[in-house]
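Subject: Structure handover

Hello,

Here is the structure you asked about. My notes on it follow below.

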Amino acid sequence: MQAALPCAPMRHQLPVCQQAPVIACGMRTRVRKLAVPGSLRASSRLVKPRPAWSTRGKGLDSFARRGRDAEADSSFRPRSRCYQTVTVGSGGCYDASPAIQTRASRGTSPVSPAAAARDPAVRLDPRSDCKRLMIATLLVGMLCVYLLSFAVMFLLIGRRLDAGKMGMDAFAVGNLTLGSAYVLQLLEGPAGWSWMGVVNHSLTLSALLAYSVGGLRFFGRPTPLLWPLAALALGYAVVQIIVEWAWGPVARYVLLAAICALCFAGMVVVLLAGLRTFARDLRGEVLLFAALISGICVLNVLKLTKLLAGGLLALAMDDQFQVVFYVYMCSLATIIPPFIVWLVLRRLTDKLRDMAARDPLTQLLNRRGLTEALAARLRRPNAGARLLLIDVDHFKRVNDRYGHHAGDAVLCAIVDVLRGAVGTDDLLCRMGGEEFAVVCPGADAGTALRVAERIRIAVASTVMLQVAGEAVRCTVTVGVSGTFDDDASLVRAMQDADAALYRGKNAGRNRVESGDVVAPVSPGGEGAPGAQSAMER
């Protein structure tokens with residue numbers, strides 16, 4: 001004979017969304033939480049028996065009646081659990097896992113109390129489930145608000161950045177798609193097959209692609225976004241339908257968790273590899289970002305494991321793991337968008353600082369940039385260096401004869417020659433007009449003179465510009481300073497190099513000269529092949 005469960009009042013122990021037929025256990029043991037059929041894993045415990053008198057009560061009878069009415073209603077769909085019962089001991093029944101349900105359906109002997117106690121589908125306290133369900137739902141709602149709000153902010157910031165949006169438009173699309181995916185998750189209800197679930201998974205994977213494209217654009221690698229996003233969303237929707245048809249809903253969720261885990265792991269690997277290349281100036285920020293992404297990667301791996309072990313029960317909103325998962329996601333949604341804004345602001349300030357330190361025409365360091373670079377170099381031990389001042393001979397004639405536009409082109413061509421003639425550790429600077437400077441760290445007098453002579457020969461032997469079939473060539477005069485290793489000696493070195501430069505100009509140009517060493521070159525000597533242009537006369 002079946003009686004009510006030995007607990008009172010029962011209506012306070014199960015959430016409304018989980019009301020279902022309750023059949024008493026003849027052993028007077030109480031099951032505090034019910035299970036999802038098809039699950040492979042959960043936690044369980046049978047509590048201590050209560051006196052028989054506690055099983056009698058109008059509240060329990062009405063609750064059981066409501067449960068039977070709900071079961072009879074074909075439209076009834078519990079939000080997180082369905083219910084089946086099996087016989088325990090001498091005729092009592094309780095809600096059990098699939099293994100025990102299968103055993104009962106085969107007509108075998110009643111399930112023993114020990115087997116019931118070991119059943120992993122029985123949970124502890126449904127009131128805790130209600131709290132976790134409310135917390136998880138609230139977290140998902142907050143996550144939607146965060147993602148959609150920051151999507152609008154990213155779009156506004158991207159509009160202010162004009163052409164160089166630094167990936168803000170892609171980040172906005174990523175937030176928009178992921179926020180929409182979580183909205184669909186709230187509307188969808190329990191995990192299973194539905195068109196909203198298919199769209200939800202496609203949007204989730206598209207968000208990862210959008211974030212990846214945003215990162216590439218932030219680091220200066222133009223990447224298309226819209227057509228790859230549409231192709232991925234449609235293609236993955238087809239894949240989901242095939243997987244659902246072939247292996248069922250659990251396989252579809254397992255596929256998404258596995259792909260997300262692999263994508264996040266790939267992001268971490270790329271970021272760590274970029275510390276030596278494209279992200280060298282953002283070492284601390286990239287390490288923090290990699291740590292945050294590693295956390296969500298680990299959570300996806302755990303979700304994959306729980307799905308393989310417990311089926312769709314792992315995705316129940318009142319599951320403790322889901323609460324932890326959404327707490328971490330809300331933390332990411334709170335931390336990462338301001339972090340991205342900080343990265344954009346830092347990149348903008350670095351760009352402004354670089355613009356202030358470089359010549360806009362040739363992109364070489366200007367005087368200010370050279371001073372800052374030398375200040376960093378001179379802090380190193382044994383940081384002695386020599387200065388080379390380079391002046392283009394008769395450059396005014398180029399502007400007068402060919403125009404200032406041709407003069408600018410000649411200056412850019414000379415810069416290309418200088419870059420190829422100096423060493424990798426040397427600093428190249430445009431001091432102003434047609435005057436340039438090279439700083440050779442650790443060079444002695446002989447090395448500095450060899451670099452200066454190499455520059456002179458390379459410039460004189462290169463055609464800088466073709467104007468109406470006429471080859472435009474030019475020569476340079478180079479003045480070499482002594483050694484300097486601090487700011488005071490740098491001032492003296494610039495004065496010495498400037499004096500040597502003007503001595504070379506007065507001695508006939510197209511030559512290298514230092515304070516005590518002169519390397520004259522005749523106008524028709526090495527490095528000046530062919531007829532002399534107007535600049536050399």
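Apart from its neighbours within four places in sequence, Gly 179 is in contact (heavy atoms within 4.5 Å) with Cys 144, Leu 147 and Leu 148. This is a predicted model, in which local features need pLDDT of at least 70 and side-chain atom pairs count only at pLDDT 80 or more, while totals for chains, interfaces and linings use all residues. Residues are numbered from 1 along each chain as its sequence is written, and side-chain values use heavy atoms, leaving out hydrogens and water.

Gly 179 lies in helix H5; helices (H or I, at least four residues) and strands (E, at least two) are DSSP runs, numbered from the N terminus. Gly 179 has a relative accessible area of 0%, so it is buried (under 20%; exposed is over 50%, partly exposed in between, with a 1.4 Å probe and protein chains only). Between the C-alpha atoms of Gly 179 and Phe 150, which are 29 residues apart along the chain, the separation is 10.0 Å.

Val 183 is also placed in helix H5. Its relative accessible area is 32%, so Val 183 is partly exposed. Together with Leu 148, Leu 176 and Leu 187, Val 183 makes a nonpolar surface patch of about 330 Å². Areas come from the Shrake-Rupley method with a 1.4 Å probe; for residues, only the protein chains shown count as cover. Helix H5 (residues 168-188) gives the largest share of the patch, three residues.

Regards

Notes:
Patches are made of residues with over 30% relative accessible area and no salt bridge: like charges are joined within 9 Å, nonpolar side chains (Val, Leu, Ile, Met, Phe, Trp, Tyr) within 5 Å. A salt bridge is a side-chain nitrogen of Lys or Arg within 4 Å of a carboxyl oxygen of Asp or Glu.
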